[in-house]
Amino acid sequence: MSTERPCPEQCNVLLIGGGGREHALAWKLSQSPKLDTLYATDVTNGGIAALATPCDQKWDPTREFYLNRWCDRHDIHLIVVGPEVPLAEGIADTLATEHRLVFGPSKEAARIESDKSYAKDLMRQASIPTADSRTFTDIDAARSYLLRGLDRELENDFKTELAKEVSSFIEWCSEREKTTPFQFTDELQALLDVREEPCVVKASGLAAGKGVIVCETVGDGLRAVELIMKDCAFGDAGETILIEEFMTGIEVSVLALVDGGTIWILDLCQDYKQVGEGDTGPNTGGMGAFCPASLLDEEMMRYVEREILVPAVDAMRRDGIEYRGVLYAGLMLTTAGPKVLEFNCRFGDPETQPLMVRFKGDLLDVLWRTAAGTLDDASIEFDDNVACCVVMCSDGYPGSYVKGQVITGMETAESSDNVVVFQAGTNCSRGELTTSGGRVLGVTAMADSLEEARQIANEACGEIHFNGAFWRNDIGCRNIEINYPSVN
Ligand code: AMP
C-alpha cells in the first residue's frame, strides 16, 4: 500500500478548525520540509492566521461541492481535520479523492464519538471494560428505570403510601396514552432528592462536550433526564440518552494514531478539566495539560492497547469500518482497572498543545501516513523534555464571558525559546489581537522537568494581559504514579 500513496515531496495542506488544537497542529505542520502551502478555513484565530493562507470556503455539509472545487483548484493533497463535528458530518468521505487524503475518520467511524450509544454497543460486543449503562429513546422508560426497585424497598420499610406512589408512577410511565400528568407528593420528591444513587446521564449525540450530567441523587437523575429529553437542552443530540453507572477514580486520556491496522500510541497527557485550582468548580473544555504523564506504566499501557484500543479497531473492522485518524480513549482508572468513559475521534484540546511541542519529526508525513494506511513505516518520536500548557481564560468562563478584550504582552511571553503561546479564542483584525472565546490562549513551556516547565509557563502567563484573564496556577502540580496490581 505504501507504494500506492507516498506523501508528495511538496504538499498543499488544508487545515479545518480554528482553536488551540488547530494552532498547535498548524505550528508543527509549518515546520515540515514537505509543506508547500498551508491553507486554513478558520483564520480569525491570530495564531493560525500568521501561519496559514486563508481558504475562502468553509466546511458546510450542504455545500461540500464548493469546498471540493476549491481544493481541486488549489491542488490540496492533504486535509487535516481538527474538530469532531465535520468528521461526524462526513468530511472525510466527501473530500477524499484519488489525489487527496483526509486525516480523520469517515462518518461511520466517527460514530465512536458522535453516537455514544453506538460506542457502548461496540464496547459491549468487544468486551471492552466500560461503565454499565442502559440506552433510552423514551423519557418515561428512563424515568421508571431510575426508580426501579424503590417501591419494593419502601414496602419492606413499611412506607406503604410512598411505595404505592412509586408503583403508580412506574405504571403511569408505562401507559401509552397519558390523560393526566403525574405530580410527585412533596414527601416523595423530598425522598428522591436525598436518595443517593449516583449515575451519569448522557446525551448520545454531539453536544459540544456539555451533554454529560453527573447526578448524585435519584432526583438529580430525573431532572437530568427531563433537561435532555423534555427541555431538549442539547437539541437532537439528546433524542437518545444513556444512563450510566457512576465510576470513581483518576481520569486519563490515551491518544493513538490508527491507520486502519497499525496503532501508534502517543505519549500520555494529563489534562485538567475543572475550572478551579485543586480541581474545584464546574467542568470546562480543559484548563491545561502536561506531557508526558506517568499515570500509566508500560504494563498498563500494554493492557490499554490490548484490551481497549485493539478490540475497538477490530470490532469496527468486523462491521466493515476501517478506522483512520486519532482514536482517543478517555479512561477512568478505577480500582478494578481502567474503564472507558468515552472515545473521541480527534486530537484532544489542550492535550495537543504540549504534545505538538514535544513532537519530533515530520508531522505532515505522519498524518499523511495515517490517512494513507502506511503508519507502520513512520518514525514518531517525542522530545525527552516535559511540556506544560496553561490555558488563559476569559473572566466568567465556563459560564458567560465578555469578548473583545485587547491582548498584550504576547511577544514578551514568547521571547523565551522554551515558550510557545497557542491561540484558541482570539481574533486578529486591524493589527489588534482580542479575545473571542472562553479559552483564549494555551501558554506552553518545555523544560527538563515538569516543575520547571510549569514554572516557566506560569511566568509567561504573568506577562500576558487582557481584562479578566485568569488561569490555574496548579497545572502540572501533580504527576501521579499509580501502582496497580498486575493486569496480566
Ligand atoms: P464524557 O464526555 O463521556 O467523557 O464525560 C465527560 C466527563 O464526565 C468525564 O470526563 C468524567 O469526568 C465524567 N463522567 C462521564 N462518565 C462518567 C461515569 N460513568 N462515571 C463518572 N464520571 C463520568
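The model is predicted: local features need pLDDT of at least 70, side-chain atom pairs count only at pLDDT 80 or more, and totals for chains, interfaces and linings use all residues. Residues are numbered from 1 along each chain as its sequence is written, and side-chain values use heavy atoms, without hydrogens and water.

Start at the ligand. Of the 13 residues around it, Glu244, Glu245, Met247, Glu251 and Glu342 come nearest. Strand 7 (196–203), strand 9 (241–245) and strand 15 (337–344) each supply at least two residues of the shell. Strands are DSSP runs (E, at least two residues), numbered from the N terminus.

Now look at the ligand's oxygen atoms. One lies 2.4 Å from a polar side-chain atom of Glu251. The side chain of Lys202 places an N or O atom 3.0 Å from a ligand oxygen. For Lys116, that distance is 3.4 Å. On its own, the ligand has 470 Å² of accessible area (Shrake-Rupley method, 1.4 Å probe). The protein covers 88% of that area.

Move on to Phe246. This residue sits in the loop between strand 9 and strand 10 (250–259). Phe246 is partly exposed, with a relative accessible area of 35%; the term spans the range between buried (under 20%) and exposed (over 50%), with a 1.4 Å probe and protein chains only.

Methods:
A residue is near a molecule or strand if one of its heavy atoms lies within 4 Å of it. A polar contact is a pair of N or O atoms within 3.5 Å; within protein, one must be able to donate a hydrogen and the other to accept it, and residues adjacent in sequence count only if both atoms are side-chain atoms. Helices (H or I, at least four residues) and strands (E, at least two) are DSSP runs, numbered from the N terminus.
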